[in-house]
Amino acid sequence: MNYSIAIFLILISASNQASSACFKSIISFGDSLADTGNSISLTPSNTPPRSAAPPYGETFFHCPTGRWSDGRLVIDFIAETLGLPLVQPFLGLSRGGDFNSGVNFAVAGCTALRDSFWAEEGIQIDLANASLAAQLSWFKELFLPKFCPIPSDCKNFLETSLVLVGEIGGNDYNYALLQGKSFQSVLAIVPKVVKAISLTINELIKLGAKTLVVPGNLPIGCLPVYLTYFITSNRTYYDPETGCLDWLNKFACHHNELLQTELDLIQKQNPSINIVYADYYNAAMQFYQFPQKYGFTEGALIACCGSGGPYNVDHASTCGSEGCSTCEDPSLHVSWDGIHLTEAAYGLIADGLLRGSFTIPPLSVFCAPPSSNAAPFIPLATETRTSDLLVGSEAS
Ligand SMILES: *[C@@H]1O[C@H](CO)[C@@H](O)[C@H](O)[C@H]1NC(C)=O
Ligand SMILES: *[C@@H]1O[C@H](CO)[C@@H](O)[C@H](O)[C@H]1NC(C)=O
């Protein structure tokens with residue numbers, strides 16, 4: 001794959017462009033929850049990823065973009081809210097890369113832990129050499145030297161960027177759990193995954209990153225693939241309120257707790273850096289608990305695109321393959337293809353992060369007060385958590 005990266009790099013150049021009031025660009029690492037096209041470039045063209053074909057992309061882009069959804073992802077909504085262009089995939093530079101306002105290294109199917117770890121565990125992973133460490137090395141060794149040959153420019157680029165580290169780690173658990181590893185052995189992986197994330201964060205801080213947003217895992221017990229794989233007639237395994245698999249949601253919470261503990265530590269060690277935890281779990285829990293309230297009238301647990309079964313998931317025939325059908329209106333579903341969410345669901349999560357209370361601390365803290373002619377980052381009047389910021393002022 002390195003040959004193609006080298007060709008693409010020729011197109012990279014640094015120049016100045018329109019920027020948002022808060023951040024000049026977005027730098028992203030992660031997996032399919034944030035992949036805006038990288039996995040297409042990493043896959044041999046005779047076996048393209050499913051996201052390279054319809055119905056992927058049908059809602060917003062009206063064509064497949066490599067995004068693993070019917071439309072925009074959380075990262076797209078963040079970019080839109082910041083007034084920045086959608087973040088280009090690093091490996092997609094053949095489409096004319098301009099990375100001044102962002103670059104995305106996220107690759108669908110990738111893991112936080114390295115390939116060598118999975119080889120030792122006897123676990124098959126989808127794409128070779130695209131783990132979080134690999135993404136970081138593309139950034140350091142391939143991207144930065146071309147994009148900003150002068151080190152102080154690089155530092156400035158990182159300082160003025162919103163750096164997204166994840167979601168990442170979800171696939172580590174997907175591979176292990178869905179390939180039959182015992183729950184105990186998967187539990188033992190969690191601290192390793194969190195360590196891999198924190199190593200990456202520390203590297204990025206060294207390079208000059210100032211504001212890093214680190215998402216946790218989704219409530220995976222609500223994902224149709226897991227509900228199908230671990231289906232049981234024993235009702236005690238299910239959360240009676242949501243119908244989600246309780247033990248898997250507790251597992252996701254366990255990852256999120258360890259991750260937050262680690263983030264707190266990094267924050268203490270780096271008081272001048274902003275480490276923001278993005279609570280995907282609870283942002284998503286809103287619509288798993290009350291799907292109707294958010295317009296998901298088809299329920300939260302049945303995939304839009306699939307081929308039957310109680311959750312519309314059949315491992316033998318996944319979304320995009322023959323024998324699979326797509327629902328009429330994806331916005332009535334939380335789940336797009338059984339593992340990824342619809343644009344509608346991602347939009348709600350993004351809203352929860354950008355305008356709601358699902359980042360710690362609130363993202364709005366890092367945006368300078370808008371100047372008279374700049375658009376404000378967030379409509380403060382509708383934001384509950386930002387009221388905390390007004391403590392001590394005379395706001396009434
Ligand atoms: C992944 O990287 C390892 C170590 O650099 C290398 O030996 C291997 O060939 C690579 N695999 C692929 C499929 O590129
Ligand atoms: C259901 O699972 C619980 C443990 O989660 C177990 O104690 C109980 O015996 C199971 N019930 C049946 C009918 O298998």
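Which residues surround ligand 2? They are Asn234, Thr236 and Tyr237, where being near takes a heavy atom within 4 Å. This is a predicted model, in which local features need pLDDT of at least 70, side-chain atom pairs count only at pLDDT 80 or more, and totals for chains, interfaces and linings use all residues. Residues are numbered from 1 along each chain as written, chains are lettered from A and ligands numbered from 1 in the order written, and side-chain values use heavy atoms, leaving out hydrogens and water.

**Around ligand 2**
- A polar side-chain atom of Asn234 sits 2.3 Å from an oxygen atom of ligand 2.
- For Thr236, a side-chain N or O atom is 3.2 Å from an oxygen atom of ligand 2; a polar contact is a pair of N or O atoms within 3.5 Å.

**Helix 5 meets helix 6**
- Helix 5 (residues 132-147) and helix 6 (residues 151-159) pack at about 110°, with axes 9 Å apart; helices are DSSP runs of H or I, at least four residues, and strands are E runs of at least two, while axes are fitted to C-alpha atoms and angles run from 0 to 180 degrees between N-to-C directions.
- That makes helix 5 roughly perpendicular to helix 6 (65 to 115 degrees).
- Phe139, Phe143, Leu144 and Phe147 of helix 5 touch Cys154, Phe157 and Leu158 of helix 6, with contact meaning heavy atoms within 4.5 Å.

- Most peptide bonds are trans, and most residues other than glycine have a negative phi.
- The Pro54 to Pro55 bond is cis, with omega near 5°, and Pro55 lies in the loop between helix 2 (38-42) and helix 3 (74-82).
- His62 lies in the loop between helix 2 and helix 3, and its phi is positive, near 60°.
- Gly166 to Glu167 is a cis peptide bond, with omega near 5°.

Key. Parallel < 35°, antiparallel > 145°, perpendicular 65-115°, else oblique. Polar contact = N/O pair within 3.5 Å; in protein donor to acceptor, adjacent residues only side chain to side chain.
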